[in-house]
Amino acid sequence: MTTLTLGKAMNTGLRKAMENDPKVLVMGEDVGKLGGVFRITDGLQKDFGEERVIDTPLAESGIVGTAIGLALRGYRPVVEIQFDGFVFPAADQIITQLAKMRMRSLGALSLPVVVRIPCGGGIGAVEHHSESPEAYFTHTAGLRVVSCSNPVDAYSMIQQAIASPDPVIFFEPKRRYWDKAEVDTESTDWTPLHAAKVVRPGEHVTVLAYGPSVKTCLEAAAAAAEDGRSVEVIDLRSLNPLDIDTVTASVDRTGRCVVVHEAPVFNGYGAELAARITERCFYRLEAPVLRVGGFSTPYPPSRVEEQYLPDLDRILDAVDRTFAW
Amino acid sequence: MTIDSVRGAPDTPGLAEPELVQLLTPEGERVEHPDYPLDLSAEDVRGLYRDLVITRKLDLEAVALTRQGELGLWASLLGQEAAQIGSARALGEHDMVFPTYREHGVAWCRGVDPLRLLGMFRGVNHGGWDPAEHRFHLYTIVIGSQTLHATGYAMGIQRDGVLGTPSAGATIAYFGDGATSQGDVHESFVFASVFNAPIVFFCQNNQWAISEPLERQSRIPLFKRAQGYGFPGIRVDGNDVFACLAVTRRALENARTGQGPTLVEAFTYRMGAHTTTDDPTRYRLKAEEEAWKLKDPIERVKAYLVRGDLADAAFFEAVDDEAKATAKDLRERCLVLPDPGPLTIFENVYAEDHPLMTEEQERFAAYLASFEEEAS
Ligand SMILES: Cc1ncc(C[n+]2csc(CCOP(=O)(O)OP(=O)(O)O)c2C)c(N)n1
Ligand SMILES: [Mg+2]
């Protein structure tokens with residue numbers, strides 16, 4: 001066991017993947033000497049060389065497009081998008097090419113490309129540095145979309161994503177990069193990439209979250225426990241595919257469900273969850289599935305972001321409302 | 001000859017550093033260039049000096065405010081003052097500026113209150129000035145985007161039928177060396193070229209895009225790219241305020257009179273970190289910074305003024321005092337900038353009432369009020 005921050009766990013996972021497979025490449029803006037603006041690729045260029053850890057020109061469409069070409073040639077590129085808000089120049093390559101080439105080739109082509117995106121807010125940043133664009137990608141068939149919430153998962157999930165034969169959009173909760181946990185870097189006995197995890201068992205209400213919101217939900221659950229309310233928290237980990245069985249097993253027991261994410265609620269990922277849970281657990285539900293998220297506005301300036309982000313109080317408020325129905 | 005499969009042949013043609021337009025040497029000596037005659041009065045030069053000094057001072061103040069936690073971030077223009085002041089003082093009232101996030105000197109010349117720039121980096125808003133007021137568009141953070149906006153705006157000017165008349169304006173798009181790799185920048189070159197749009201592409205090649213050196217963006221000098229798109233490109237000493245003024249003036253005049261786009265590459269250097277969160281010691285050598293320090297854009301103007309007896313000690317002192325006072329005033333006003341209220345999150349998302357905004361705003365207001373009820 002080693003104590004690692006989430007950022008360092010990512011770094012260690014990437015390193016393992018590069019050691020285990022010489023075809024794994026890391027590419028992106030400032031990922032080389034600088035080690036990335038969040039230092040996730042720190043030291044990799046020094047140890048694996050400039051041919052495998054590539055400082056690319058400043059062009060996201062170019063980065064993803066050439067990663068596709070490298071994948072066609074047998075490599076496994078791991079692409080870093082510097083910040084969530086800068087994935088959009090690459091959206092065309094991701095949506096029209098990366099996601100669809102397998103089908104276009106009748107299954108002949110695989111694109112094992114991982115697109116890493118630091119996501120979410122809460123770091124006091126300027127515009128475009130705090131967004132949660134996951135729904136754009138979960139809506140795009142052909143992509144797998146996952147989001148880690150803690151160092152243990154960061155370490156294993158990045159390696160599993162790299163091993164995936166399909167393209168994976170990998171969201172990293174940037175404000176949790178500095179969170180620490182014990183990580184067993186020797187073991188490979190990992191939860192499957194696309195399985196959800198019950199991270200806090202409970203009886204009265206199920207709270208679903210992923211990425212940066214998981215920690216907030218755990219804190220909310222602890223606070224609720226003081227009021228005698230037992231909250232079960234599930235870390236979805238994988239958004240597409242979704243491990244719906246773990247979710248419904250929980251909601252069938254609790255009869256209440258709150259979904260939490262930082263992205264705007266309107267047409268957000270929570271809408272899909274609410275619809276599916278309603279279909280599967282209709283007669284077990286004591287209240288509608290409630291959603292807590294960002295407002296349906298652009299991400300606000302940092303001086304008001306605390307108001308925008310789902311916090312303990314807003315989660316608890318939603319939990320309360322499921323009991324008031 | 002062995003060829004490095006990644007870097008290419010060592011003597012690739014076009015890699016030798018080309019000439020740049022210079023009118024004032026780093027030592028402060030005035031030199032003539034056949035294509036760029038420039039006639040400046042002593043008053044003009046003193047004005048440029050004042051702009052340079054005040055801009056640098058305001059920038060340093062913003063860095064200090066960031067260190068003290070008053071701003072979330074700042075992108076310093078240190079070292080790029082001449083490129084910005086020179087080009088901006090070439091602008092006329094009808095011209096329209098499309099900046100990146102580092103054009104504080106240009107903003108100054110356009111009369112934008114520097115407090116507005118600070119507001120954005122403090123996190124009070126995402127921009128917050130009216131671009132029409134000073135013909136200075138909002139700062140753009142997504143690298144390269146604004147070059148297309150500038151091109152489209154220029155196509156609008158063209159369609160207004162004013163080119164060649166006294167009310168003709170051009171647009172000027174600022175961007176960095178790193179930006180030249182973006183698809184948007186290439187596309188703006190293509191559009192501007194085929195439509196002969198009245199635009200000046202002003203690239204501040206400050207040698208770095210965060211940690212990546214110019215060679216990661218281009219194998220040929222950037223200004224030479226213009227040729228491939230079919231319009232002139234020129235490299236200017238970006239630390240020479242005279243040359244930047246003269247070259248931009250000419251390019252703007254060409255644009256306003258219907259002669260189409262020009263790419264100006266201002267060869268300069270980012271003396272500071274990329275932003276206040278960056279640590280350049282991880283990727284570049286102190287020696288490089290030291291070498292560029294000798295080409296300081298302000299020192300050479302001062303030397304020129306002194307050498308020609310165009311300014312006395314009292315003038316320099318007065319400028320310093322003014323800079324300090326302006327910075328102090330900026331600091332004071334920054335510290336009392338009010339935070340936006342929580343309900344402002346829902347403002348300005350749509351032009352007219354929007355049911356979802358109203359619903360969420362009302363619900364959030366009620367939610368906030370519930371805490372007050374609890375407290376009372
Ligand atoms: C589309 C996009 N990708 C990445 C970034 C992150 N980023 C901010 S500034 C920068 C480097 C820009 O370099 P350059 O164009 O040379 O301008 P400079 O900062 O040197 O003025 C990067 C990569 C961004 N803002 N936008
Ligand atoms: Mg640059």
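What is the relative accessible area of B:Asp320? B:Asp320 has a relative accessible area of 34% and is therefore partly exposed, where buried means under 20% relative accessible area, exposed over 50% and partly exposed in between (1.4 Å probe, protein chains only).

The views below show a predicted model, in which local features need pLDDT of at least 70 and side-chain atom pairs count only at pLDDT 80 or more, while totals for chains, interfaces and linings use all residues. Residues are numbered from 1 along each chain as its sequence is written, chains are lettered from A and ligands numbered from 1 in the order in which they are written, and side-chain values use heavy atoms, with hydrogens and water left out.

**View 1. B:Asp320 and B:Ile54, 266 residues apart in sequence, lie 7.8 Å apart in space, C-alpha to C-alpha.** B:Asp320 belongs to helix α12 (residues 313-335) of chain B, helices (H or I, at least four residues) and strands (E, at least two) being DSSP runs numbered from the N terminus.

**View 2. The magnesium ion (ligand 2) is coordinated by three residues of chain B: B:Asp177 through OD, B:Asn206 through OD1 and B:Trp208 through O, at 2.1 Å.** Donors are N, O and S atoms within 2.8 Å of the metal (3.2 Å for Na, K and Ca), and because water is not among the atoms, sites may look incomplete. Along the chain, the donors of this magnesium ion follow the spacing D-x28-N-x1-W. B:Asn206 is buried, with a relative accessible area of 5%, and B:Trp208 is also buried, with a relative accessible area of 9%.

**View 3. A surface patch of negative charge gathers A:Asp313, B:Glu372, B:Glu373 and B:Glu374.** Such a patch joins like charges within 9 Å, using residues with over 30% relative accessible area and no salt bridge. Helix α13 (residues 355-375) of chain B contributes the largest share of the patch, three residues. B:Glu372, which is found in helix α13 of chain B, is exposed, with a relative accessible area of 60%.

**View 4. A:Asp47 and A:Arg15 meet through their side chains in a salt bridge, at 2.9 Å from N to O.** This pair links distant parts of the chain, since A:Asp47 is in helix α2 (residues 44-48) of chain A and A:Arg15 in helix α1 (residues 6-20) of chain A, 32 residues apart. A:Asp47 is partly exposed, with a relative accessible area of 42%, and A:Arg15, at 22% relative accessibility, also counts as partly exposed. A salt bridge is a side-chain nitrogen of Lys or Arg within 4 Å of a carboxyl oxygen of Asp or Glu, and a search of the whole structure finds 38 of them over all chains.

**View 5. B:Arg256 and B:Asp95 form a salt bridge in which the closest N and O atoms are 2.6 Å apart.** The pair links distant parts of the chain, with B:Arg256 in helix α9 (residues 241-256) of chain B and B:Asp95 in the loop between α2 (81-88) and β1 (96-98) of chain B, 161 residues apart. B:Arg256 is buried at a relative accessible area of 14%, and B:Asp95 counts as buried at 0% relative accessibility.

**View 6. A salt bridge joins the side chains of B:Arg300 and B:Asp237, at 3.0 Å from N to O.** Because B:Arg300 lies in helix α11 (residues 297-307) of chain B and B:Asp237 in strand β6 (residues 233-237) of chain B, the pair ties together parts that are 63 residues apart in sequence. Both B:Arg300 and B:Asp237 are buried.

**View 7. A network of salt bridges links B:Arg50, B:Asp51, B:Arg89 and B:Glu322.**

Technical notes
Patch = residues over 30% accessible without salt bridge, like charges linked within 9 Å, V, L, I, M, F, W, Y side chains within 5 Å. Areas by Shrake-Rupley, 256 points an atom, 1.4 Å probe, with all protein chains shown as cover. Lys, Arg positive; Asp, Glu negative; His and termini not counted. Charge placed at Lys NZ, Arg CZ, Asp CG, Glu CD.
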